[in-house]
Amino acid sequence: MQSSEIRSIFLDFFTGKGHLVMPSFSLIPHNDPTLLLIGAGMAPLKPFFSGERKPPHTRIATCQKCVRTPDIERVGYTGRHATFFEMLGNFSFGDYFKEEAIEWAWEFVRELLRLPAEKLWVSVYQEDDEAYNIWRERMGIPAERIVHLGKEDNFWEIGTGGPCGPCSEIYYDLGPEAGCGNENCTPGCDCDRYLEIWNLVFTQFNREPDGELTLLKQKNIDTGAGLERLATALQGASSFYDTDLFKPLIDYFAGLAGTADARSSGEIPLRIVTEHSRGIAFMVADGVLPSNEGRGYVLRRLIRRAARHGRLIGLEGSFLAGAVPLLARMMGAVYPELKERREFIMQVIETEERRFQETLATGIDILEDYIQELKQKQQICLPGELAFKLYDTYGFPLDLTAEILCEHGMTVDRDSFNRHLSEQQRRARAARAATGGGNGESSYAAAGDLETVFTGYDHLEEEAEISLLLVNGEVRETASEGDSVEIFLNRTPFYAEAGGQIGDSGVIEAKEGRAVIVRAFFTPAGQIVHEGKVQSGRLSTGDPVTARVERIRRRGICRSHTATHLLHRALKEILGEHVNQAGSLVSPDRLRFDFTHFKALSPEERQRIEETVNRMVLENLPVTAEKMTLSEARRCGAVALFTEKYEQDAVRVISAGNYSKELCGGTHVNATGEIGLFRLISEEGIGSGMRRIEALTGMEAYRHATAGASMIEELALIWKVSPEQLPLKAEELLEANRELERLNRQLKERLHGYTVKELLSGVEVVEGVNVISAAVNADNFEELRGMTDLIKSSLPSVVAVLGAVHEGKVLLVGAVTGDLVKRGLQANSIISAVARRVGGGGGGRPGMAQAGGKDPAALPQALQLVKNLVREQLTARAGTPHGEYGEGEKDGSTAG
């Protein structure tokens, strides 16, 4: 049975059991800062389980794409661990419970999938007699095929409190040949024999703060059946790598490797490349871009791990990007985003692959320097701190570091590396906790059952009633003058911050009081909060009020929001359809727009974009809003942001004539002419494959334009030319400045030549080696390097260390000619020891190194060390015992 058939049979089966089938949610969690990525079928449905939101149906079924990386190191080594997988699931929110969940699961695997009973096993939580009895008595499963497992395996909970419950799992026996050889092997063993194909979670308890379990009023069902594992069982495969979900990709990468033994000697790397390629493509399709933090780091790690393992089997170039068209053909019918964003996905992956190839080259060079230092010190273990620096700064994988060290008979201090990694992760968790804080759900628990009707699309003033008052987070019947207050209304014209558009401000007035509202926003459960301060009198729950939005501010916001739609369309037209909105901020007459693109905009592109938007403004296109289903919106060509989550049966489409059409819940002008003027004021990169535009609209755009015109007139007066002649005048001044700089460089070169002649006249000889160490006048490292080059051209065998002080900081450059490097002299070790004496550090290569320092007064004394350092390196090379002074300098030099 093909995987596509398994998927459709599952969803059809539960449709027949009264379930609402919902499409897969994005891998990017919606309004859930506790998750980086969706890693389970129930994760997007958490608000329904927690009661924050009312589900569209009490029974739901999905096939959810998931990414989970805790077991990433086991991927490829086992046949059951994956970072990307599809989770089939059926869910009940206070509807059916254990009996139906177990009965339907057994009916599905036995009657629809026709899996043989003798291959199936069941596990239950060791204290869940209810589930055991259903399996044993109602389903007729033999007692010897029901395994009791403990809390670690068969009890589901998150953290130390909240909803939780036992679970029951169905296993498929792949046979003794897939197992560990233990005759007592049963489900729960860590070998590959028993494949867990379905997990049924019975959420029936609440873990109280004291640890006690109490029964929930609403019991829920959360199940997950891995499509890859079901395909393994149904297709007679030994692992999911042999199923139709993986085999075409395995064949593709094996063919690229071009070696007959890619499948045998390179089986694990081939598996890793294949498995990771799926998650990589799906993450990019959903809007994740490579970065050094959050979900972007997960993506980067997958790409780099796959690229590194591809290298082991001879894969070169952008082989991961090249697999995207094949994956789109395999899975695009179910996940159309793979087809729709194919070119964009390929470009993101190719860019990251190319950058990692550069990283590999840089990392290997640095690692080779570390290896040389270890050999000179007769050590065989690379400190974990250096391995972590390679990993953290250059993205160089630890296992690749270990592999290269192994080729030299060396190892890496993994314990030290892990300590550094743990410390970094601890800091990252602390940062996430700091940014993910706030009032959270509990502060608005009292508003859980409230509903607010939004009327702000058509009205900026509304008669309403106060439903709830919070003062400093606490429920109050009355709020008095001076109180900071959060007000809930039954109806409101205030737009709550969403989709990049900031929330409205204004006033709420009652007969006995008035509150000034500074912003409106949503609670986690979706109620609109009006935040502000009671300006006069008092407000009470139940008061009839007038809610009035600040009109001028709202009109400015509308101008900016409609302008972002025109800008988005113009970017796609001019740069290409790969451009997608990745974020925005819409405020009065000012906007920020983040989008996917891989290089800076040229001046010509910026001009064309600005001109195109303004042309649409002058067209005065009608701006209309229309409600339709999501499928209808897609058919009519509306652009959907792939970082957003949309309801299936009702979306709002904003059209600007026939030019732009987007799904949007924001507020807009009635016609594009109301925008007035659009000015693009900046464009910059904000991450890998990400750009940001800032622009102005309305009066802000006008003020910016007139300020620019005034500056041009002022410059024309200063330089006594017409505004049209300013570019020519500026070029004349630049050329004059370039000529002055050229003359200045020539004078400096002459001065440096005189300086070098003086230095050559004072060369000293240490153990037969020419040594020059001196303080000179120089403004930068380049000038110092130029002088050392002059010295080397005059003396073919020399050690030269020059120092200078510029703007209160010490600059040091050291050079050792090639013949002396062979005798054991190293510029990087010498320069590091000298730099420590001036309160600094640096590094480089044996032939050339540079460093900086903070203590100019110590420079003369530091330069006096050079002769002794040369002597010590020569004696160390000759194998004679170190003196007390030399040993200290040698040991310390490695720190730089």
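Predicted model: local features only at pLDDT ≥ 70, side-chain atom pairs only at ≥ 80, totals over all residues.

Start by selecting L825: buried or exposed? L825 is buried, at a relative accessible area of 0%; here buried means under 20% relative accessible area, exposed over 50%, and partly exposed in between, with a 1.4 Å probe and protein chains only. You'll find L825 in the loop between α23 (818–822) and α24 (827–837). (Helices are DSSP runs of H or I with at least four residues, strands are runs of E with at least two, and both are numbered from the N terminus.) Now show what L825 touches, leaving out residues up to four places away in sequence: V769, V799, V816, L820, P846, V870, Q873 and L874. Contact here means heavy atoms within 4.5 Å.

Residues are numbered from 1 along each chain as its sequence is written, and side-chain values use heavy atoms, with hydrogens and water left out.

Next, the sheet with β29 to β34. It's an open sheet of 6 strands in the order β29-β30-β31-β32-β34-β33, with mixed pairing; two strands pair if DSSP finds at least two bridges between them. Its edge strands, β29 (764–766) and β33 (841–844), each pair on one side only. From one strand to the next, the twist averages 20°. Zoom in on β33 and β34 (residues 848–853): they run antiparallel, joined by 4 bridges. There, G844 stands opposite A849.

Which strands does α22 lie across? β30 (769–775), β31 (799–806), β32 (809–816) and β34, and α22 runs at about 30° to β32. (Axes are lines fitted to C-alpha atoms, for helices over the stretch in contact, and angles run from 0 to 180 degrees between N-to-C directions.) While you're on α22, pick out E783. E783 is buried, with a relative accessible area of 14%. Its contacts include K748, H752 and A778, not counting residues up to four places away in sequence.

Jump to another sheet, with β22-β23-β28-β27 as its order: 4 strands, open, with antiparallel pairing. β22 (581–587) and β27 (678–687) stand at the edges with a single partner strand each, so one side of each has no neighbour in the sheet. The twist averages 15° from one strand to the next. Helix α20 (residues 698–719) packs on this sheet, touching β23, β27 and β28 (690–697), and its direction makes about 90° with that of β28.

Last stop: a pair of helices. Select α3 (residues 98–112) and α4 (residues 129–138), whose axes come within 10 Å and cross at roughly 45°. The two are therefore oblique to each other: under 35 degrees counts as roughly parallel, over 145 as roughly antiparallel, 65 to 115 as roughly perpendicular, and the rest as oblique. Show side chains where they meet: K98, E99, I102, E103 and W106 in α3 face E130, A131, I134, W135 and R138 in α4.
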